[in-house]
Amino acid sequence: MEKIIQPEQLLLSEQVQLLLTQLGGKNNIESITPCATRLRIQLKKQPATESNEIIQQIPDVKYFILLDKYAEVIMEQGLSETYKALSQQLDQSATKEKLNPIEKLFGLISEIFTPIIPLFAGSGILKGLVVLATTLGWLSETSGTYHILAAASNAVFYFLPIFLAFSAAKTFKVNGYIAGVIAAALIEPNLTGLLTSGGKASTDFLGIPVVLMQYTSTVMPAILGIFFYSFVEKFLKKYIRESMQLVFVPLLSLVITVPLTLMVFGPAGVYLGEGLAAVITWMMDINGPISGAIIAGGWNILVIFGIQWAVNPVMISNISSFGFDRIVPLTGAANFGMAGAALGVFLKSKQSRTRSISGSAFASILLAGVTEPTVYGIAIPLKKPFVAACIGAAAGGAVMGFAKVKAIAFVFGSLTTLPAFISSTFWWYVIGLAVSLVVAMITTLVSGFDETLMPQE
């Protein structure tokens, strides 16, 4: 295909304008939701067929996929800047109102957790390496080196409420420093010192009973507390003169929000998180193989529509609270199922371009746990490899569910994140990954695919 545009000559504003034009104009856009690596765009009507080819030539656009009135723009870099520029072009207040409550919830969760995912990945791998070093006898648990590295790997989980508060403040558009102080109050040493060995205690605030809990490493209390604080701040700024807001907005925000968070939102968040974790644990305990197959097999479907963000907080909460999680390994099975599909396409393809795309996509999963190149560049366009990937993931997930495989950190499944799974079930995890990859690869080779469906340059 001939070059329709010269992408290296386009400025960001020109790229955004071109994207809008090819999507049918800003009046054709219902909503835009940012994710970790892509923009999800809901359209009123499907744009012209040639738009697909033009959009894929825009700088930083790795892949573009259109499913009826639902578009996904996968970007190599510049996603945040592109989203902001698009938002300035659109009346976002109007488009967001058209999202249903579930879509709004997933969007909020995505916005809150996306900025801190690198913290989990880096800390998780470091934690796994420390465990490996101590297991092999390379590092003594009594040495200063161990304590320093352990502190570096555990800090993000211990102070997780503060990081979440900063991120939530950005999402809810309130003062991040006040939000951080609110979350920090939940784990302030004098307050946590009142806790019993069971992690709970009672005290009072102005004579009102307060049940204290252990809020270090928790997820929901900080988010709920900052959500409430967003209303408090808006109310105070509305009725307090601007010349007095510097002192009285933070003062009253702390006085109002911290006690109510400790009395209401904190316990509610803890019980909500524990409830979700209990349900998933119950499913895994009742029938590990079937639960593992369902979760792993359907994970890539959830990722396409962004629904995985409803589950991510549960995984993070489990690791923070219990030191391990059993869903994270299943996401690794989903990744390696997609890798197996890419490998199958690479081995069976007769076109050099398809082999090049599938080969690089396969490598991106194995080395970085990034599935977008495979999902959007190969699996969905060719259709059958996507089904094969789900089948392979289900097979590997069944193995992991049977063995009750654990992860000690929240990471994306790849070869570089193997240290995050070092425990008594480590080799079962490796076996599950191998099963996912091999089954998906064989299924792809057997079922075949139509290479003419691949986007052509």
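User: What should I know about the model and the numbering before we start?
Analyst: This is a predicted model in which local features need pLDDT of at least 70 and side-chain atom pairs count only at pLDDT 80 or more, while totals for chains, interfaces and linings use all residues. Residues are numbered from 1 along each chain as its sequence is written, and side-chain values use heavy atoms, with hydrogens and water left out.

User: At what angle do H15 and H19 pack?
Analyst: Helix H15 (residues 328-348) and helix H19 (residues 426-447) pack at about 35°, and their axes are 7 Å apart; helices here are DSSP runs of H or I with at least four residues, and axes are lines fitted to C-alpha atoms over the stretch in contact, with angles running from 0 to 180 degrees between N-to-C directions.

User: Which residues does Leu445 touch?
Analyst: Leu445, which sits in H19, touches Gly344, Leu347 and Lys348, leaving aside residues up to four places away in sequence, where contact means heavy atoms within 4.5 Å. Leu445 and Gly344 are 101 residues apart in sequence, yet their C-alpha atoms are 5.5 Å apart in space.

User: Switching to Thr257, why does Thr257 count as buried?
Analyst: Thr257 counts as buried because its relative accessibility is 0%, and buried means under 20% relative accessible area, exposed over 50% and partly exposed in between, with a 1.4 Å probe and protein chains only.

User: And which backbone oxygen does the side chain of Thr257 reach?
Analyst: The side chain of Thr257 reaches the backbone oxygen of Ser253 at 2.8 Å.

Technical notes:
Helix = DSSP H or I, 4+ residues; strand = E, 2+ residues; numbered from the N terminus. Polar contact = N/O pair within 3.5 Å; in protein donor to acceptor, adjacent residues only side chain to side chain.
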